[in-house]
Amino acid sequence: MRTKFAVVPIALLAAASLAFAAAPAATPLPAPKTDGQFAVEKALKERRSLRAPAPTPLTLEEIGQLCWAAQGVTDAKGHRTASSAMATYPLELYVIAGAVEGLAPGLYRYEPASHALTLVAAGDKRDEFVGKGIGQGWVKKAPAIFVLAGLPAKMARMKDRGPQFMAIEAGLAAQGFFLQATARGLGSTYVGGFDPAAARAALGLPATTEVLGVLPVGRKP
């Protein structure tokens, strides 16, 4: 009895190989800490907007902790640090890394499920992003710029209140981010004065994505 083997065309094998080679590189982040000794009450009291961050590089561990504080997964059901209406989770978190130890400059998307960063575009994008989308020079001096974006399509079940709920969720994610930054001796602020369409274009995001907030972060001078 002869065993039959499936014949796979060489063209399909080549296409699969190219697709695999072109897959975005993922950078695992250090496991988030959930037992810090900095009291939340103290973080609430000491949190202040920082618009003059020191250019001192941040660490990959700090970047990972901030990502987790804003949109990290907290249990086996996929719940995140910031609550979401009907667990729709429309938010996406991007990191524009400029000066981060252990992380090449580039634009990254945070993957909550795997607690990792996926490279979207290589190279330091701070100048371009700030110049085209924001126009506030101090922002590009931050070693890393976090960007909160949203997918309005995910909020279709909320009907005409979808945009309102998504904006509220961005605020919840930002507050967790700010409190974590404060607890780690870092500073940030919520930059809302930007051109949404220009900011989206500067990041190369699709028209189906909306930029909601910009969070430059760095050490206090």
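Q: Before we look at bridge partners, how are helices and strands defined and numbered here?
A: Helices and strands are DSSP runs, numbered from the N terminus, and a strand (E) has at least two residues. The model under discussion is predicted.

Q: Which residue in strand 9 is the bridge partner of G187?
A: The bridge partner of G187 in strand 9 is G218.

Q: How many bridges do strand 8 and strand 9 pair over, and in which sense?
A: Strand 8, residues 186-188, pairs with strand 9 over three bridges, in the antiparallel sense.

Q: And strand 7, how does that pair with strand 9?
A: Strand 7 covers residues 144-150 and pairs with strand 9 in the antiparallel sense, over seven bridges. Within this part of the model, I145 has P216 of strand 9 as its bridge partner.

Q: Why is strand 9 described as largely enclosed?
A: Strand 9 spans residues 210-219, and eight of its 10 residues are buried, so the rest of the structure largely encloses it.

Q: Changing topic: how many aromatic pairs are there in the whole structure?
A: A search of the whole structure finds two aromatic pairs. In the pair of F177 and F178, the ring centres are 6.0 Å apart and the planes stand at 80°, so this pair is edge-to-face.

Q: What is the cut-off behind that label?
A: Planes over 60 degrees apart count as edge-to-face.

Q: Are F177 and F178 buried or exposed?
A: F177 is buried, at a relative accessible area of 0%. F178 also counts as buried, with 10% relative accessibility.

Q: Which residues do the ring pairs link into a cluster?
A: The cluster linked by ring pairs consists of F146, F177 and F178.

Note on methods. Residues are numbered from 1 along each chain as its sequence is written. This is a predicted model: local features need pLDDT of at least 70, side-chain atom pairs count only at pLDDT 80 or more; totals for chains, interfaces and linings use all residues. Side-chain values use heavy atoms; hydrogens and water are left out. Rings of Phe, Tyr and Trp (its six-membered ring) pair if their centres lie within 6.5 Å; planes under 30 degrees apart count as stacked, over 60 as edge-to-face and the rest as tilted. Buried means under 20% relative accessible area, exposed over 50%, partly exposed in between (1.4 Å probe, protein chains only). Helices (H or I, at least four residues) and strands (E, at least two) are DSSP runs, numbered from the N terminus. Two strands pair if DSSP finds at least two bridges between them.
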